[in-house]
Amino acid sequence: MSALIKSLTALSLRLMALRLVSMGQTIAQKKDYEMDVVYSNSDYALNHNKPLLTQFREGHRFMRATAIVVLCCFAVVFYSPAVNATVKSIDEYLRYKPDYPVFSEMDSALAETQQLLQKTAIALKQTGENTNEHLGLAILKKAISQQREIFSDLDEGASDYFADQRRYYTQQQLPQRAITVLDQKQQRYQREMATLQDQLQRIDRVQGPALQQEVRLATALLARLYNPIQHPYDQTMPFGPLDAVSGAPVNSAAALESMLGVAPVTGDPVAADTTATLDAPISPAIQQLANDLSNDEVAIYNWVHNNIEFIPSYGSLQGADYTLQTRRGNAFDQASLLVALLRAANIPARYQYGNVWITLDEVMNWVGGVRVYEAAQNLLGQGGIPSALLSVNGTNKFMTMEHVWVQLWDGSQWVEVDPSFKQYQYTEGMDLQSEVSFDAEAFANTLQSTATVNETEGWVQNVNQAFIETELEDYRQALEDYLTNQQPEATVGDVIGSKTIIETTSVSLPTQLPYNQIVVSQALTEIPDHLRYKFTFKLQDQFGGELLSHTATTVELAGQSLAISFNPATAADEQALLDYLPDNPQSAEDLPNIIPAGLMNVVGELTASGQVVASSAAMSFGQVLQTEKGYFVPGRGWSTTINPIITGEYQAIGLDYHGISPAQLQALQTRLEATKAKLEAEEFTGLTKHEVVGDLMQSGVMSYMAITDVQSRLAAQSSDIVYYREPSYGTFQTNAKTNGLLGTVTNVEMTGLLMDMDSMKFSTECKSNCWGNWRDFNQQMGSTYSAYEHLVPEQLFSTDEEPVEGISAVKALAIASQQGQRIYTFTQDNLQYLSDLTVDQGTVDEIRAQVENGMVATVHQNPISYAGWTGAGYTIVDPETGAGGIRLVGG
């Protein structure tokens with residue numbers, strides 16, 4: 001790989017993200033949003049004339065008005081919005097700045113001192129005994145001595161903070177115990193400051209081996225005094241395809257029964273064959289559809305076959321009701337939908353699980369219209385479906401695979417039907433590259449001629465941002481002009497191609513299944529539990545000790561709004577918070593932007609659609625904990641992620657299976673509009689934090705998942721890629737920061753909102769099994785997904801008059817590039833230049849570890865400051881798969 005390509009990795013990621021967003025938004029202005037399956041029932045469709053985010057914003061523009069509820073004060077997250085009733089203007093809050101810069105300045109001084117100590121330790125190793133003769137070491141010692149003066153100045157600011165807080169406590173007539181706790185914090189801080197100053201002074205006084213010892217002691221002291229809590233973004237390569245791993249299909253009745261864990265069901269119908277189950281409930285929507293289809297088994301089978309898109313994945317994920325809502329699902333979910341509809345019509349029905357042979361041509365059409373059987377096999381493998389190629393006379397002829405279909409009782413016998421196996425009609429899209437060409441080679445050559453590139457060290461600098469923006473905007477405008485003027489009636493399907501189910505219109509049930517052969521099969525009244533997806537959430541202390549836990553099947557959680565939040569543990573704790581707040585707030589500036597750590601005890605609550613499903617014992621407010629959450633995937637096991645959380649934050653958790661249901665989005669919008677009406681009428685009785693804060697946060701995470709899914713589908717269709725969203729999850733939350741002075745946590749500050757997508761997974765494959773295109777598409781999606789982590793919050797909360805700024809890793813790289821910073825791309829060939837970075841040591845250490853493990857990292861040289869945030873953004877990418885982590889570190 002050339003050095004130019006290496007050095008422009010970060011830029012190419014951003015450019016492709018912008019191009020995909022631009023093209024997607026242009027195409028999305030056309031008439032159809034659903035380009036894969038045409039829905040006959042308009043109740044399940046979105047407004048096809050507008051992008052999803054536009055619909056969301058127009059549906060509840062009151063978001064900025066209620067944003068103050070989230071941003072101004074922790075109080076409303078605990079009990080009600082009433083304290084905020086007299087605060088009329090969000091503008092006042094947005095102009096309000098924190099009162100005590102000493103916290104951030106102290107953190108910066110500690111971080112700088114840590115770096116100086118690390119450099120001094122390295123210099124000591126290089127010099128050995130001759131410390132007096134090392135000029136660089138003398139410079140470092142002088143810099144450490146200057147840090148002592150900085151800490152002395154900061155000590156005055158810390159004293160001012162404690163004095164101000166003591167006056168405020170007295171003014172609010174807080175209990176004496178609260179003042180005592182404040183005094184104890186100040187005393188501890190003063191002891192630590194004296195210890196730090198003494199340790200740094202000793203470094204200035206000694207030489208030789210004694211200096212090495214004092215540096216080690218100072219390093220240990222700084223590690224204790226400065227251990228910043230940061231949300232680890234994307235720590236497990238959250239953006240990318242699933243691994244293509246699945247076992248071989250079972251080939252005997254004994255092996256099948258052992259795998260399923262239940263005995264075969266045989267004989268005439270029994271009560272269980274018409275009974276609702278977890279996966280196949282008889283919900284009002286299912287009952288209504290069965291009635292609409294005259295409770296006729298042929299009409300019911302035809303409807304499921306003709307209206308539900310097949311997703312090649314394994315296990316019961318959505319269940320019948322959510323599959324009906326999304327109009328897509330795997331074989332398990334489509335079988336559940338058919339079973340539920342039949343049972344709602346009082347027609348006995350069972351699942352049938354087995355190993356079948358299907359011709360390669362049919363499989364290639366079924367899984368996405370791929371051109372080679374290897375691509376079909378990769379998609380089945382990513383989806384976790386046990387499958388294998390089957391050769392006849394030395395020639396690959398069939399795919400043998402485990403599959404699920406349905407038995408129904410026709411009054412005299414069991415008839416087997418398969419709702420999920422279907423064929424599609426595919427149409428090619430317009431050749432936009434020929435009609436509206438984009439000269440990528442000339443584009444790259446211009447960038448190369450204007451930028452500074454160091455091939456040896458692996459960085460690029462002074463990329464012409466204005467040229468990039470102009471070229472991409474010109475291309476977007478040319479594309480839009482062509483579609484508007486030359487193809488005014490074109491739909492999305494016309495532009496990028498379409499996929500339509502070949503319908504069955506038979507007036508009778510099929511006489512046989514559409515497979516070449518059934519190797520073995522077994523009937524079931526319901527799906528075994530180990531073949532169901534599950535989601536778990538655990539709240540833990542910093543050592544992994546469990547504080548609360550809840551695990552449920554994904555079917556049970558489908559369409560629900562999950563959240564973790566904290567309430568005062570007792571009435572006395574709530575009163576302590578009320579006592580701390582001003583008696584009669586008249587503006588945003590009257591509300592404190594910090595709450596003392598330990599002011600009260602709180603309990604953690606995990607809720608599903610506002611109902612508590614798990615709670616913790618009491619703990620101190622401002623305590624740093626951690627969450628563990630993730631999916632159990634049938635055939636693969638558990639995969640979870642761990643992130644810190646501070647007691648006092650509100651975290652909305654979004655789950656996405658194979659795409660978000662339009663009905664779920666509509667229900668959320670309806671709740672938000674009802675809350676808006678109550679807030680405008682100042683009817684606060686009965687409003688809860690989940691209505692005021694939770695739905696707002698949930699709309700953010702759901703918007704992110706819906707719009708990235710739509711953009712990915714658009715991009716895949718135009719890139720000759722098959723794409724399916726796989727089970728994913730992420731959070732949108734109020735973001736708190738513990739402010740400390742030399743290891744003493746004094747208060748908790750609300751710093752804004754945080755969107756963090758823990759795991760955004762998909763199955764993808766180039767239709768011709770072309771590895772390079774597949775890898776590049778995956779990498780481009782990672783960059784696009786990162787961009788939406790700032791774009792979605794910005795669009796939800798911004799107006800034309802008052803824009804709100806967000807930050808993401810991709811945006812951080814773009815800002816650094818605009819500033820003229822070097823953008824490094826690190827491989828194992830240039831790791832020695834990591835020392836040129838001035839970003840935090842944790843970032844440097846992770847980049848080194850990841851690159852040594854075969855990854856490629858892109859990072860800017862120096863920290864950036866933007867909209868009150870300071871830190872670094874960088875990417876970690878697997879060069880084999882394109883999967884990556886898009887990381888953001890700072891605060």
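Analyst: One definition to start with: a residue counts as partly exposed when its relative accessible area falls between the 20% that limits buried and the 50% above which a residue is exposed. Keep in mind that this is a predicted model.

You'll find Asn462 in the loop that links strand E10 (459-461) to helix H20 (465-486). Its backbone is worth a look too: phi is positive, about 60 degrees, even though Asn462 is not a glycine.

Asn393 sits in the loop between strand E5 (387-392) and strand E6 (395-409). Its relative accessible area is 79%, so Asn393 counts as exposed.

On the H19 side the contact is made by Phe443, Thr446 and Leu447, and on the H20 side by Phe467, Ile468 and Glu471. The crossing is a right-handed one.

There's another loop to check, the one between helix H11 (253-260) and helix H12 (284-292), where Gly267 is found. Gly267 is partly exposed, because its relative accessible area is 44%. Beyond its neighbours within four places in sequence, Gly267 touches Arg350 and Trp414. Trp414 is 147 residues away along the chain, yet the two C-alpha atoms are separated by 9.1 Å.

Helix H7 (residues 102-127) and helix H9 (residues 176-205) pack with their axes 14 Å apart, at an angle of about 30 degrees. That angle makes the two roughly parallel, since the cut-off for that is under 35 degrees. H7 passes H9 in a left-handed crossing. H7 brings Met106, Leu110, Thr113 and Leu117 to the meeting, and H9 answers with Tyr189, Met193, Leu196, Leu200 and Ile203.

H9 also has helix H10 (residues 208-225) as a partner: the two axes come within 9 Å and cross at roughly 155 degrees. That makes H9 roughly antiparallel to H10. Again the crossing is left-handed. Among the H9 residues in this contact are Leu196 and Ile203, while those from H10 include Leu211, Val215, Ala218 and Leu222.

Nonpolar side chains tend to be buried together in soluble globular proteins. In this model the largest nonpolar core has 118 residues, and those touching the most other members are Met106, Phe151, Leu196, Leu655, Tyr704 and Leu741. Helix H25 (residues 689-717) gives the most to this core, with 12 residues. A second, separate core holds 67 residues, among them Ala280, Val370, Leu380 and Leu509.

Leaving aside neighbours within four places in sequence, its contacts are Met106, Ala109, Leu110, Thr113, Met193, Leu196, Gln197 and Leu200.

Last stop, a sheet. Four strands form an open antiparallel sheet in the order E14-E13-E19-E20. Strand E14 (546-553) and strand E20 (637-646) are the edge strands, each with a single partner, so one side of each has no neighbour in the sheet. Ignoring direction, neighbouring strands are turned by 15 degrees against each other on average.

Inside that sheet, strand E13 (residues 534-540) pairs with strand E19 (residues 624-633) over seven bridges, and Gln540 stands opposite Gln626 of E19. E13 also pairs with E14 over seven bridges, in the antiparallel sense, with Leu539 opposite Leu548 in E14. E13 and E14 make a hairpin with five residues between them, and in its turn Gly544 has a positive phi of about 90 degrees.

How values were computed. Residues are numbered from 1 along each chain as its sequence is written. This is a predicted model: local features need pLDDT of at least 70, side-chain atom pairs count only at pLDDT 80 or more; totals for chains, interfaces and linings use all residues. Side-chain values use heavy atoms; hydrogens and water are left out. Buried means under 20% relative accessible area, exposed over 50%, partly exposed in between (1.4 Å probe, protein chains only). Two strands pair if DSSP finds at least two bridges between them. Axes are lines fitted to C-alpha atoms, for helices over the stretch in contact, and angles run from 0 to 180 degrees between N-to-C directions. A nonpolar core is a set of buried Ala, Val, Leu, Ile, Met, Phe, Trp, Tyr and Cys residues joined through side-chain atoms within 4.5 Å. Contact means heavy atoms within 4.5 Å. A crossing is left-handed if the near helix is turned anticlockwise from the far one by less than a right angle, and right-handed if clockwise. Angles under 35 degrees count as roughly parallel, over 145 as roughly antiparallel, 65 to 115 as roughly perpendicular and the rest as oblique.
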